[in-house]
Amino acid sequence: MIRLENIHFQYPKREALFSDLKLHVPRGQWVSIVGPNGSGKSTLVKLVNGLLSPDSGTIHIDGTLLDGESVSDIRRRTGYLFQNPDNQFIATTVRDDIAFGMENRCVPRADMKQRIDAIAEQLGISEWLNRHPASLSGGQKQRVAIAGLLVLNPEIMIWDEATSMLDERSKQDMLLRLRHLHKNQGLTILSVTHDAEEILASDRAVVIRNGVIAADMSPIQLFEDRNLAWECRLQPPFSLALSLELREKGMDIGLHHHEEELMRALWPSLHVNK
Amino acid sequence: MAIVTCEQISYQYAKASIHQPLALIDVSLRLEQGKFYAIVGATGSGKSTLLQHLNGIYQPTKGKLQVYDVVFAAGAKVKGLKPLRSRVGLVFQFPEQQLFEETVEKDLMFGPIQFGADEQQARAAAVEALLAVGLDEAFMARSPFELSGGQMRKVAIATVLASNPELIVLDEPTATLDPVSRTELIALLKRLCVEQGRTIVMVTHRLDEVLAAADEFILMQQGAVTYTGTRADLIRSPHLLQAADIVVPNEMKLAHEISERLGIVVDELPSGIEGWADWLIHNSDAASKAVDRYATDSSASQQEQTDKASPRGMTESDEKGE
Ligand SMILES: Nc1ncnc2c1ncn2[C@@H]1O[C@H](COP(=O)(O)OP(=O)(O)OP(=O)(O)O)[C@@H](O)[C@H]1O
Ligand SMILES: [Mg+2]
């Protein structure tokens, strides 16, 4: 579905960031792009969406070579969310902004209102539809941006830290929605994220470090390898981190991803040693 | 000593439509010097609006607010806030709001010079702040707008640190930081608090990341402050979080459950991964053998453990600007 070959990329007057980068993402896969700040994650997804062009190398989306000619067509089929939601908005009301994206993709006018209302209802943004995007809080902006993207039913979704300012509850909500879309509609997802839960929900973790793919494995493998995770500046979620720490200190109760499991494993041996 | 006192302040955005509720409703708070405050609340609950009151960007539409020696009373616009702003540093939610110069160096020196430092002092403060957030000196010459999201965030935080404010207010400073940088930033803020008596007010939606560091927790919901109190109080009352629509972190669930099941007061429970692991090993029979083994291991390996336990300080981070 997404195929990057021999990618070389360099920002003007900077050292080369990518030299000979290669990445294949099959249709329907959910890939988390992870790694330290400044490692090249945003640059990578901007290349995939044609916001930046490689100095050399090729990018194919669903068999089509990404170039000046195909870029607008490819962008219509992919949904892209910026790291900063302020870069996303064009119109002066949330409703118009969502509509704008649909116009771009030639959604019939008659369907628009109904589709906007439906997605707004689902994502709990109905009461903000008439507000100026700039007047929304950071997390609200992100929810609106996500709604504007989901309403377009893209085949490929590219998120650059699209949930970074959501409160935990809204984030879990979005994650559930993403899982659902991925499972039922076979959506291909490329998501830059630092969120452990999101990484664990995905099929594959690709770690970028200093412009190089430093690891490419299942998310669980990545988190369970403490040294690798640390080098990639990742931290496992609390329950897993605690079970790993206990194992390292000689108390192996297995590796647990959920607090309930951890508690069940701990409970039999627990008593108060004064 | 209270450095901030809010007495029933409310705030309405000037351009807000009539359907839009007040951004702040009757907020009363007292902040003491030298403490680390964490403000948590759902998206849009008024956290950013409250923070921007602390250096007078917004002034209350109702009620009274005092920050150090400056009093903001509804209806009387206070001007000439430079002296206050030299004492209260605010890190905005979006770093782009904070940066405007053509180089990182100029942005970092701007604050110190504004507040009376000479060129040389300002440059020294700039470098120190940059290193404190884990970026090396090579970033000084870069354009702040040609950085990655996380790097830009770190520079924005450094611009505030460079002016050495007494009260440091941060709006979701960890949002785009990688997880290790997040831990390092919180450790840095904690140090500023404990070692230098600075006051920290930080907004986050990840309660877990501040659970061990913060002294006081402030919950916000729909423009109102619904709770202020310590970590122990918060653990004892998870319903408060649920009411404010905040997900209870796993660490708190564990603490709550262990406290209930074993009848231990939460104040005696540990915090952080290391703390929990040691506590659990100490308080479990399955581990008594392991504990023995652990204890008889050379003290060198214990040292290694603790080294590993405390991530390298932000100052030793290896992020290169070149
Ligand atoms: N417009 C630009 N001009 C020059 N250099 C840039 C530009 N944008 C990013 N860089 C540099 O390229 C490198 C990779 O940046 P990128 O934004 O891809 O990182 P990232 O992995 O997304 O980081 P973060 O987690 O902080 O968002 C960094 O060293 C950054 O400083
Ligand atoms: Mg990025």
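Okay, let's start with two helices: α10 of chain A, residues 238-248, packs with α10 of chain B, residues 250-262, at an angle of about 65 degrees and with axes 8 Å apart. Helices here are DSSP runs of H or I, at least four residues, numbered from the N terminus. The axes are lines fitted to C-alpha atoms over the stretch in contact, with angles running from 0 to 180 degrees between N-to-C directions. So α10(A) and α10(B) count as roughly perpendicular, a label that covers 65 to 115 degrees.

Before going on, this is a predicted model, where local features need pLDDT of at least 70 and side-chain atom pairs count only at pLDDT 80 or more, while totals for chains, interfaces and linings use all residues. Residues are numbered from 1 along each chain as its sequence is written, chains are lettered from A and ligands numbered from 1 in the order written, and side-chain values use heavy atoms, leaving out hydrogens and water.

Who makes that helix contact, meaning heavy atoms within 4.5 Å? From α10(A) we have A:Phe238, A:Ser239 and A:Leu242, and from α10(B), B:Asn250, B:Glu251 and B:Leu254.

Now the ligand. Ligand 1 lies between chains A and B, and of the 21 residues around ligand 1, those coming nearest include A:Lys41 and B:Gln151; around means a heavy atom within 4 Å. Both α1 (41-48) of chain A and α5 (149-162) of chain B supply at least two residues of that shell.

For polar contacts, N or O pairs within 3.5 Å, a ligand 1 oxygen sits 2.4 Å from a side-chain N or O atom of A:Thr43. Over on B:Arg142, a side-chain N or O is 2.7 Å from a ligand 1 oxygen. The protein covers 90% of the 630 Å² of accessible area that ligand 1 has on its own, by Shrake-Rupley with a 1.4 Å probe.

Notes
A polar contact is a pair of N or O atoms within 3.5 Å; within protein, one must be able to donate a hydrogen and the other to accept it, and residues adjacent in sequence count only if both atoms are side-chain atoms. Angles under 35 degrees count as roughly parallel, over 145 as roughly antiparallel, 65 to 115 as roughly perpendicular and the rest as oblique. Contact means heavy atoms within 4.5 Å.
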